[in-house]
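Some comments on the model follow, as numbered points. They begin with a pocket and then turn to a sheet and a helix.

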Amino acid sequence: MTEKVDLHVLGRELLAGIKKNIESLGRTVRYMEVCGTHTVSIFRAGLRQILPESVELVSGPGCPVCVTPDIYMDTAIAYAKQEDVIITTFGDMLKVPGSKSSLSEAMAEGADIRVVYSPLDSLPIAKENPNKKVIFLAVGFETTAPTAAAVVIAAKEQGIENFYVLSAQKLVPPAMKSLLADPEMRIDGFLLPGHVAVVTGTDDFAFLADEYKLPGVVAGFEPLEILRAVYRLTQMTVSGEAKVLNEYGKVVRAEGNPAARKILDMVYEPADSEWRGLGMIPASGLQVKKEWREYDISFVRPLDIPRVEKNTACRCGEVLSGKVTPHDCPLFGKACVPEHSIGPCMVSVEGVCAAWYKYGGGKFQYGK
Amino acid sequence: MCLAVPAKVIEIKDRMATVEVRGVQRPASIMLLPEAKVGDYVLVHAGFAMQFVTEQDVAETNALWAEMNGAERTMTELPENERASSRIVP
C-alpha cells in the first residue's frame with residue numbers, strides 16, 4: 001500500500017500509452033484546452049515537446065482577460081477618469097489595451113485604480129470613501145463570477161450603497177459551442193477547465209458528448225494530471241467513445257459547487273456577450289438581474305462609449321480560436337512582446353502569445 | 001485568473017475564515033462554501049473558499065512549491081496511494 005512510484009516513470013508510462021494509442025489511429029489528433037492556466041502549465045512543463053508530433057494541443061479562448069473586448073476596456077477607462085470613481089480590479093486587467101489606452105495609462109494620469117486580490121476587498125474601500133463610487137471590474141469565467149455575485153450580496157447585507165460592478169463575465173460552454181459551429185474548426189476533444197468545473201460541475205460539459213459526440217476530460221493543472229487527461233482523450237478517440245470524464249475528482253464534483261451556483265443565479269443571468277476575436281456569442285456572458293440593478297454601474301450611470309474599429313495587424317482573434325499559432329502573427333515577438341504588448345494575448349501571463357513567447361519564443365520541437 | 005490554492009481553515013467568524021497556506025494566514029470568505037468548518041482544507045480562489053480538498057492535496061502542493069523554490073525533490077516520497085496525480089498507469 002505504501003509502494004513508491006517515481007513520477008518520472010509515471011510520466012513516461014503515460015507518454016508511452018499516448019503514443020501507442022495514436023499509432024493505432026494513424027492520424028493526427030487535435031485537442032483544445034480552454035483554460036489559461038492549462039496553457040501555461042503545458043508550456044512550463046514542456047508537454048508539447050514531449051508529446052508525439054501527431055498529438056496537437058491547441059489553445060482556445062481560455063484567458064478571461066484576453067477575451068475581454070476593447071469596448072469593455074474603453075468603458076472601464078471612461079469610468080476610471082470620472083472624479084468621483086474608484087476602480088477596483090484584478091491586477092492583470094491594468095495593461096489590457098482598449099481602443100486607445102489602458103487602465104494603467106489612466107492610472108498614470110491620476111485615475112484612482114486599486115488592485116485587489118479579492119473582489120471582497122472592494123467593500124472596505126467603499127466604506128472608507130463614502131463620497132466615491134467604487135466600481136469592481138467583474139471579469140472572469142464561471143470560477144470567478146460567483147465571487148463578484150457574493151460581494152454584491154455582501155454589499156447589500158452591509159448596507160453599502162456606493163459599491164458597483166461593471167460586469168463582463170463569460171461562460172465557457174457557449175464559447176465552445178460557438179467554436180464547434182465553425183466549419184474550419186477541427187477538434188477531436190477538449191481538455192476541460194478544472195477550476196471552472198469546480199463551480200459548474202461536469203454536468204455543464206455533458207453537451208460535448210451528447211450533442212457533438214466529442215470526448216472531454218476535466219483536468220487538473222499539474223503536468224502529470226494534464227498528461228493523464230490527454231491519455232484519456234486519446235483512449236476515447238481510438239475507441240470512438242464520446243464521454244465527458246472527470247480526472248480532477250479531488251475538487252470537481254458532477255454537480256459543481258451548489259452554493260456558488262445559487263449565489264451566482266441570485267445576482268446574475270445569462271446574456272449575449274462579446275468576446276474579443278470570437279464576436280457576439282448568444283447567452284455566453286452574465287448580466288446583473290433587475291433586482292440587483294442598483295449595484296450595476298452600467299444601469300446606475302450609463303455611458304455611451306463609441307465603438308472604435310482598430311486598424312491593427314494583431315491576429316489575437318484567430319489565435320484565441322485556435323485557427324493560427326502566435327507565430328503566424330506578423331507582430332509576434334517583434335513589435336509585440338510582453339514588455340510592450342499590442343494584443344491582449346501577450347498582456348496576460350495566461351495569454352497564449354505570452355506563454356509561447358516566454359517558454360522558448362515558441363521555437364520548440366515536437367518530440368520524435 | 002482562475003488560480004486557486006489549497007489552504008487550511010484556522011478560524012471562522014461570521015462568514016469570514018482565516019486560512020493558512022504554507023504558514024501564511026489570510027482571510028477568505030466562506031459565503032460560497034457555507035459548510036466549511038475549522039480544520040477543513042479548502043481550495044481558495046480570489047479570497048473565497050470554493051471547494052473542499054484533502055490534507056494530502058495540500059501536502060502535495062506544498063511539496064511541489066518547496067521543489068520549485070529549490071528544495072530537494074520530496075514528491076517521490078509521498079506514498080503512491082495518497083498521491084492524486086498517480087491514480088492511473090496505462
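1. A pocket here is an open set of grid points with protein on both sides within 12 Å along at least five of seven lines, and a volume is the space filled by probe spheres set on the points. The model is a predicted one. In these terms, the second largest pocket holds about 700 Å³ of space.

2. The lining of the second largest pocket consists of 30 residues. Those nearest its centre are A:Tyr72, A:Ser167, A:Ala168, A:Asp272 and A:Ser298. Two or more lining residues each come from helix H5 (70-80), E6, strand E10 (268-275), strand E11 (279-288) and helix H14 (297-300) of chain A. By class, the lining has 14 nonpolar, 7 polar and 9 charged residues.

3. Chain A has an open sheet of 4 strands, ordered E4-E3-E5-E6 and paired in parallel. Strands E4 (112-115) and E6 (163-167) of chain A are at the edges and have a single partner strand each, so one side of each lacks a neighbour in the sheet. On average, neighbouring strands are turned by 25° against each other, direction ignored.

4. Within this sheet, E3 (residues 85-89) and E5 (residues 133-138) of chain A are joined by 4 bridges in the parallel sense. One bridge partners A:Ile87 with A:Ile135 of E5(A). Helix H8 (residues 145-157) of chain A packs on the sheet, where it touches E5 and E6 of chain A. The direction of H8 makes about 155° with that of E6(A).

5. Which residues of H2(A) are buried? They are A:Gly36, A:Thr37, A:His38, A:Thr39, A:Val40, A:Ser41, A:Ile42 and A:Phe43, that is, 8 of the 10 residues in helix H2 (residues 36-45) of chain A. After H2(A) comes A:Gly46, with a positive phi near 70°.

Terms used: Residues are numbered from 1 along each chain as its sequence is written. Chains are lettered from A and ligands numbered from 1 in the order in which they are written. This is a predicted model: local features need pLDDT of at least 70, side-chain atom pairs count only at pLDDT 80 or more; totals for chains, interfaces and linings use all residues. Side-chain values use heavy atoms; hydrogens and water are left out. Buried means under 20% relative accessible area, exposed over 50%, partly exposed in between (1.4 Å probe, protein chains only). Two strands pair if DSSP finds at least two bridges between them. Axes are lines fitted to C-alpha atoms, for helices over the stretch in contact, and angles run from 0 to 180 degrees between N-to-C directions. Contact means heavy atoms within 4.5 Å. On a 1 Å grid over the protein atoms alone, a cavity is a set of points where a 1.4 Å probe fits but cannot get out, and a pocket is an open set with protein on both sides within 12 Å along at least five of seven lines; lining residues have an atom within 4 Å of a point. Ala, Val, Leu, Ile, Met, Phe, Trp, Tyr, Cys and Pro count as nonpolar, Asp, Glu, Lys and Arg as charged, and the others, Gly among them, as polar.
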